[in-house]
Amino acid sequence: MMDCILHENNYIQSLGWEWEILRKIEFASMQTGIEAWGATGLFYRPFFNGRYGPAQDGFDKDVCVRTEQEVRIFWTFLKDIWPDIRWSVYSGEIENNNYHVPNNHWAVQMGRPLLFRLGAVNIHNGKVHVLMPYEALVSLNSGLIEINHQAFINDGSQEDMKNVAISAVTRTRKVLSEYPGLKCGSTVNEIAEKFQVDKVASYDVKDLFYLNAQVGKSSKKLNLFLEDTQEGLVLIERIKTNLKSGSYPSPRFEELPKALESIRKIKIKQEHYLEITNLEETVLKQSDEIVAPDQYPSWLEYCAKNEFDASFKEWFSIQLRSRNPVGGKDPYLSKFISGYLFSDEFDINTNGVHQSGWSWKKYIREKIFALNIDLLVVDKKEVRSLVRLATIFFDIDTVSGLKNQGREELTVSIWKASYPEWLSENEVFIVTELIRGQYQLMGLLGEALRKINLAQGNTILNTYDGSISNMLKVKSRLLRLEVWREQEIFNLLLASCRAHLYATNSLQFLSVFVDEIFSLIFPLD
């Protein structure tokens, strides 16, 4: 049996803990008299951030208390004081049912199937206290994801144990997608094989970064390209920056559309052992049947067209994160993320790793988190969905196995073969032009950046006439639709490109060239 140890040495103190959240937990603990510990991401992410992948915070803030009654009291206190944070509170005694918990350390969930998740953290008098077994510390420091065999030693049925194995494999894939420098240990796939679950592929971090057309060598791996080009050295620095810089901060808690939010509130009450009424129980039973408002065939269309940035990001992130999102999984978005939406001819692998180092799903989520268009579509809300779809589809060529055509044309081909059926012909055309505009704008930025990095002193004015010409064509086609003014076209394209650059940790490349690009594409009369 594993023994839990309290760690508070200098190494532990030096890690990048979420101090703001831990202080809130400490304050709530003092006010309620309930012992509480931060768990899951609050515990393990500081060991991985900036070491095995970009620094990132968790979407939910998980807290462990001892009993069911304490869950009710503690969650209510947290939610009343800080309602904009996604608090999730659970009982250590209930979670540890059927598992040996050494020294009554109920805060460490010994039934969790992966070693790196066996631990908890809190602060007291300005000092961090971490509770975990030695085996968990080894897994965290080595970056090796291994199985907690104790999770598979109980009186559960074969089906129960298979569900635990599925959970282990699913969470391994998730953490590898977030931290590409981690390794999948042999015990994970041994368990997967034993319970007939699909095995986890493990990558070397060097293999994650394939060069694509933006650096001109689409068919070569990084190590081959670096030997003979200056651009390769620039890319290496970008990758180093990528591993040390953080992801886009998780948005604050935001309400979903009314019909969905009412269901979520009931579910959250139920999860925290709060009493629900008979009516709420009836509503919960019918929650899977909640459909989008009239005239909208899907929640994706409704949210993408009608919701402001904050609410759309909330709905979108829940769709990507949850196995059973409120209102059910959107069919189109689910097929897009999984890759089932695309025909075999495009050889799309959405389980692969994007050039940014994120998984494809994580990269898409990062882009949507960073896309802010509320102020750009104040009087044109009908175009919200078009900009959001163009942003989602941009760069999809990087996870396609096809390399026999240009990046822009490949993405446009994929888009035209798989756009949602609720779009009109005119809307499909607008999204197509927005996708083309993003490629041209990114081409201008990329070419100018390379010239400057190569110390040639050139500006955009004489570096990439092709992209300038193509951008002017995109502008002309969009203006003919009489939907936007020139400034609006540029700002919307810029917002989409900004989201892409943030997701690839390249945002610093944008500000240098914006004014010059605008003067070229939209010159004053």
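Start by selecting helix α2 (residues 19-32) in this predicted model. Within that helix, pick out Glu-20 and Lys-24, which lie four residues apart and are therefore separated by about one helical turn. Show their side chains: the two meet in a salt bridge, with an N to O distance of 3.2 Å.

Lys-24 has a relative accessibility of 13% and counts as buried, because the cut-off for buried is under 20%.

Next, move to helix α4, which covers residues 68-81. Select Glu-68 and Arg-72 there; the two are four residues apart, so about one helical turn separates them. Their side chains also form a salt bridge, at 3.3 Å from N to O.

The next stop is a pair from two helices. Select Glu-409 and Arg-436, whose side chains meet in a salt bridge of 2.6 Å, N to O. Which parts of the chain does this pair link? Glu-409 sits in helix α18 (residues 407-418) and Arg-436 in helix α19 (residues 425-453), so the pair, 27 residues apart, links distant parts of the chain. Glu-409 is partly exposed, with a relative accessible area of 36%. Arg-436, by contrast, is buried at 15%.

How many salt bridges does the structure hold? The count is 20, and the pairs visited on this tour are among them, including Glu-20 with Lys-24, Glu-68 with Arg-72 and Glu-409 with Arg-436.

Finish with the cysteines. Select Cys-64, which is buried at 0% relative accessibility. Then select Cys-303, which also counts as buried, with a relative accessibility of 0%. How many disulfides are there to find? The count comes to zero. A disulfide is a covalent bond between the sulfur atoms of two cysteines. For the count used here, a pair of cysteine sulfur atoms has to lie within 2.5 Å.

Definitions and conventions
Residues are numbered from 1 along each chain as its sequence is written. This is a predicted model: local features need pLDDT of at least 70, side-chain atom pairs count only at pLDDT 80 or more; totals for chains, interfaces and linings use all residues. Side-chain values use heavy atoms; hydrogens and water are left out. A salt bridge is a side-chain nitrogen of Lys or Arg within 4 Å of a carboxyl oxygen of Asp or Glu. Buried means under 20% relative accessible area, exposed over 50%, partly exposed in between (1.4 Å probe, protein chains only).
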